[in-house]
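Could you look over this model with me before we discuss it further? My remarks are set out as numbered points.

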Amino acid sequence: MDASSVTRTVSVTRLNSGDHACLGFDDDESRWELRAAYADIGLSRGEQVIFFTDRATTPALAAEHLSTGGFRLGPALMDGRLVVVDDVPGYDPAAGFDATERSQAWVELTDKARHGGFSGIRVVGDMGWAAGPGVDVDLLIEYEAGLSPLFAGIGFTAVCEYDLRKFDEGVLDRIHGAHPKRVLRRLGALEITRAGAELRIAGDVDLATREQFDSGLGRALADPGRPHVLDLSELCFMDIHGASTLMRLASRLPRDHLLAVRCSHVQDKVLRLCGASEVPQLVLGEG
């Protein structure tokens with residue numbers, strides 16, 4: 001499998017305009033923290049943010065949940081920059097799921113937001129309705145897979161939330177595969193993923209995730225089938241300990257095994273400060 005075709009894991013804080021991502025969750029508290037961070041970034045960029053929620057989630061309840069994470073989003077709920085909607089475009093329990101109607105709703109919402117002076121739009125969609133009657137799973141997967149080019153074209157950013165307690169594991173695997181990006185289930189989390197010859201690290205490398213980072217990277221680089229590419233481009237933060245650990249482990253690689261590191265400009269500077277130029281097995285490149 002081509003590594004580029006594998007769904008990328010990212011922090012919710014790394015989602016950009018036009019991204020289409022899914023979140024598999026089983027913890028409502030963490031889900032609201034992710035929603036708050038996602039909304040806060042969108043509002044800072046001048047985007048309109050819309051939460052499509054279940055019927056029980058009123059704007060007042062949403063404000064209560066959002067405030068617990070320290071995000072001051074009450075004013076945005078009052079003036080329409082953040083909207084809570086309990087409707088499900090394109091779905092009726094009696095009539096079933098209409099993919100065309102649902103896709104058209106996203107285009108219309110984007111046009112309305114831009115005419116209203118917003119720079120774009122970002123949406124959270126509670127997909128609990130998809131476990132209800134009248135939803136063909138194959139049609140749902142086809143619909144999700146076809147959204148990415150549409151969203152990229154109109155600048156519509158979306159996180160589709162799937163409750164792990166409501167969907168079969170096989171269905172969830174297909175749903176994840178229909179999205180270019182998958183959101184980490186908690187703020188500050190870390191995930192290490194192998195994709196072909198690449199080792200991808202997403203999230204935060206800090207004191208809270210230090211043991212996970214050290215052991216995960218250590219196992220990968222010690223394995224005979226060790227990766228040739230280390231992709232750090234989806235890291236939100238990497239502390240000095242993490243950078244130093246990478247230097248130490250890379251220096252133990254066979255001399256003829258080159259490890260290309262894909263990273264941001266800031267990460268490149270941190271790695272060089274920690275001695276990357278003295279490790280011949282490392283090849284740094286921004287991207």
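The points below move from the overall fold to the nonpolar cores.

1. Please bear in mind that this is a predicted model. The secondary structure of the chain consists of 9 helices and 15 strands. The radius of gyration is 21 Å, close to the 19 Å that the globule rule gives for 287 residues, so the chain is as compact as a globular protein of that length. Along its principal axes, the C-alpha trace spans about 65 × 40 × 30 Å.

2. As to packing, 51% of the 287 residues count as buried, and among contacts between residues at least 6 apart in sequence, 77% join residues that are at least 24 apart.

3. The largest nonpolar core holds 29 residues, of which W129, L140 and Y162 touch the most other members. At least two residues of this core come from each of β3 (47-52), α4 (99-115), β7 (120-126), α5 (137-154), β8 (156-163) and α6 (169-177), and α5 gives the most, with 5 residues.

4. Leaving aside residues up to four places away in sequence, L140 touches F97, M127, W129, A130, V135 and Y162. Apart from this core lies another, of 27 residues, including L249, C263, A276 and L282. As general background, nonpolar side chains tend to be buried together in soluble globular proteins.

How values were computed: Residues numbered from 1 in each chain as written. Predicted model: local features only at pLDDT ≥ 70, side-chain atom pairs only at ≥ 80, totals over all residues. Heavy atoms only, no water. Helix = DSSP H or I, 4+ residues; strand = E, 2+ residues; numbered from the N terminus. Rg over C-alpha atoms; globule rule 2.2 N^0.38 Å. Buried < 20%, exposed > 50% of the residue type's maximum accessible area, 1.4 Å probe, protein only. Contact = heavy atoms within 4.5 Å. Core = buried A, V, L, I, M, F, W, Y, C linked by side-chain atoms within 4.5 Å.
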